[in-house]
Structure formats: C-alpha cells, structure tokens
Amino acid sequence: MQIFQRLYYIVKNFFLFKSYFKELWYKFIYGFLSFLILFFINYFYMDVLIYLLAKNLFLNIDSSKFFFSNVSQLFWLYLKISLAVSFIISIPFFAFNSILFFFEGFNKRQRLFFWSYIFLFFFFFLFFFFLFF
C-alpha cells in the first residue's frame, strides 16, 4: 500500500511540474509574440523612430536626411534599430511575466521583499531609459 502511495505522489508531482512548465512555456511564447509584433510595428514606423532618435543631429546640420552609399546599409540600419527598440520595450513585459510566474509561490514576507525589488527595477529601468534617450 505504501508503494502505491509513493507512486501516486510521484505521478502527482510530475503532472504538477508539467503544468508549471506548460505555464512557463506559454508565458515565453506570449513574450516572444509580443517581441515579434513590436518588431514589425517598429519596422513599419521606422521613419518616425529615426527622426526621434536623430532629431538633435538634424538640428545641428543643414540636411534632414541620411546619405547611404548602398541600399543594404539602409536595410541593416532599419533592422538594427527596430530590433533594439523592440528589445528595450519588451524587457518590462518579460520581467512582468516572470514576476507573475514566481509570485504565486511566495509567502507574505517574500512578496513584500519581492515588490520592493520590482519597484527598484522598474524605477531604474525608466530612469536610465529616459536618461539615455
């Protein structure tokens, strides 16, 4: 009888782990899809992004356009800027999903401790984001 109880707990814990892994996988997929959607949106609105990123440069020179010697340079510039902006914008989404995943297993004291670190993380993220952009 004791062997069946142990076998029951092993199978129960395995399915519990499987459900946790499934939830973590879904959160990863949601994060990746949000990154892809942000990437395509940033790529389609690249003219506005380049203007926002280089507006101080355009104020100091007479021309308001970049000159490229090859068409592929323009494509790679668009690709790199859209990837960088998508990555920067999707970092808080990934962080929030990981917070929600781990938050359910904490007790009251750990939740308070965790929220203080999360507040500091978002504060410093926004501070450095606005500092450098």
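1. Of the 133 residues in the protein, 20% are buried (under 20% relative accessible area, with a 1.4 Å probe and protein chains only). This is a predicted model, in which local features need pLDDT of at least 70, side-chain atom pairs count only at pLDDT 80 or more, and totals for chains, interfaces and linings use all residues. Residues are numbered from 1 along each chain as its sequence is written, and side-chain values use heavy atoms, with hydrogens and water left out.

2. Helices (H or I, at least four residues) and strands (E, at least two) are DSSP runs, numbered from the N terminus.

3. Among contacts (heavy atoms within 4.5 Å) between residues at least 6 apart in sequence, 74% join residues at least 24 apart.

4. Helix 4 covers residues 108-132. Its 25 residues reach 36 Å from first C-alpha to last, close to the expected 36 Å (1.5 Å times one less than the number of residues).

5. Which residues of helix 4 are buried? They include F114, I118 and F125, and the buried residues of this helix pack against helix 3 (71-103).

6. The accessible surface of the protein comes to about 11500 Å², and 74% of that belongs to carbon and sulfur atoms. These areas come from the Shrake-Rupley method with a 1.4 Å probe, where for residues only the protein chains shown count as cover.

Key: Buried < 20%, exposed > 50% of the residue type's maximum accessible area, 1.4 Å probe, protein only.
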